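Subject: Structure handover

Hello,

I am passing the structure on to you, with notes on what was found in it. Please read them alongside the coordinates.

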Amino acid sequence: MPSFEYENRIYESGFSAVCGTDEAGRGPLCGPVVAAAVILPRDTVIEGLDDSKKLSEKKREALFEVIKEKAIAYAIAEATPAEIDEINILNASMLAMRRAIAALPIKADFALIDGNCSRGFDIPCETVVKGDSKSYSIAAASILAKVTRDRGCAELDKEYPQYGIAKHKGYPTKEHMDAVRQYGPAPIYRRTFLKFLDK
């Protein structure tokens, strides 16, 4: 379960606004990669807060509202399919996270970043592998990012119902790849993710 261990260690070293940041949507064939950044009050307790991947959709939706209500500051940002194609998914994920941190209404002075990579951040930061199951702030960011991206997929499904995006959330299931083969890729698709069309 995530805790405040990482945040408290950083606060004790003299920082005053520690945010956690995470992204959702690295693997899908379509849509943006979405990132969130969250600054929580120290030692906040949010019942059930955990890595978004371990939670049901209903639980994530409920926590989404609680996190927004309890956070000192939060922001959500994205990188587009065109940006993903231009700079690759890893760099686009970093870009989305940097945008989320920059959009925080209260400026963070330290960032905890989910994963093992940090590129281009203009404040001190620390990467945390599996951070969404270790850090409270990263877990909160993972839920905001995941819920936002899933809601976006529901909207894309209304616009492009032929692909079944509401069901698979853009991930490369057999059903999804077959639909892309049948109908061709819409403008929401990441062209660099469609190598299977060449086979």
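Predicted model: local features only at pLDDT ≥ 70, side-chain atom pairs only at ≥ 80, totals over all residues.

Residues are numbered from 1 along each chain as its sequence is written, and side-chain values use heavy atoms, with hydrogens and water left out.

Helix pair

Helices here are DSSP runs (H or I, at least four residues), numbered from the N terminus. The axes of helix 2 (residues 57–70) and helix 5 (residues 136–159) cross at roughly 120° and come within 9 Å. Axes are lines fitted to C-alpha atoms over the stretch in contact, with angles from 0 to 180 degrees between N-to-C directions. Helix 2 is therefore oblique to helix 5 (under 35 degrees counts as roughly parallel, over 145 as roughly antiparallel, 65 to 115 as roughly perpendicular and the rest as oblique). The crossing of helix 2 with helix 5 is left-handed (the near helix is turned anticlockwise from the far one by less than a right angle).

Contact means heavy atoms within 4.5 Å. Helix 2 contributes Arg 60, Glu 61, Leu 63, Phe 64, Glu 65, Ile 67 and Lys 68 to the contact, and helix 5 contributes Ala 140, Ile 143, Leu 144, Lys 146, Val 147, Thr 148, Asp 150 and Arg 151.

Salt bridges

A salt bridge is a side-chain nitrogen of Lys or Arg within 4 Å of a carboxyl oxygen of Asp or Glu. The count by this rule is 14. For accessibility, buried means under 20% relative accessible area, exposed over 50%, and partly exposed in between (1.4 Å probe, protein chains only).

- Asp 150 pairs with Arg 60, with the closest N and O atoms 3.5 Å apart. Asp 150 is in helix 5 and Arg 60 in helix 2, so this bridge ties together parts 90 residues apart in sequence. Asp 150 and Arg 60 are both buried.
- Glu 65 pairs with Arg 151, with the closest N and O atoms 3.7 Å apart. Glu 65 in helix 2 and Arg 151 in helix 5 are 86 residues apart. Glu 65 is partly exposed at 38% relative accessibility, and Arg 151 is partly exposed at 34%.
- Lys 167 pairs with Glu 175, with the closest N and O atoms 3.3 Å apart. Lys 167 is exposed at 64%, whereas Glu 175 is partly exposed at 42%.

Salt bridges also link Glu 61, Glu 65, Lys 68 and Arg 151 in a network.

Regards

Conventions
Helix = DSSP H or I, 4+ residues; strand = E, 2+ residues; numbered from the N terminus.
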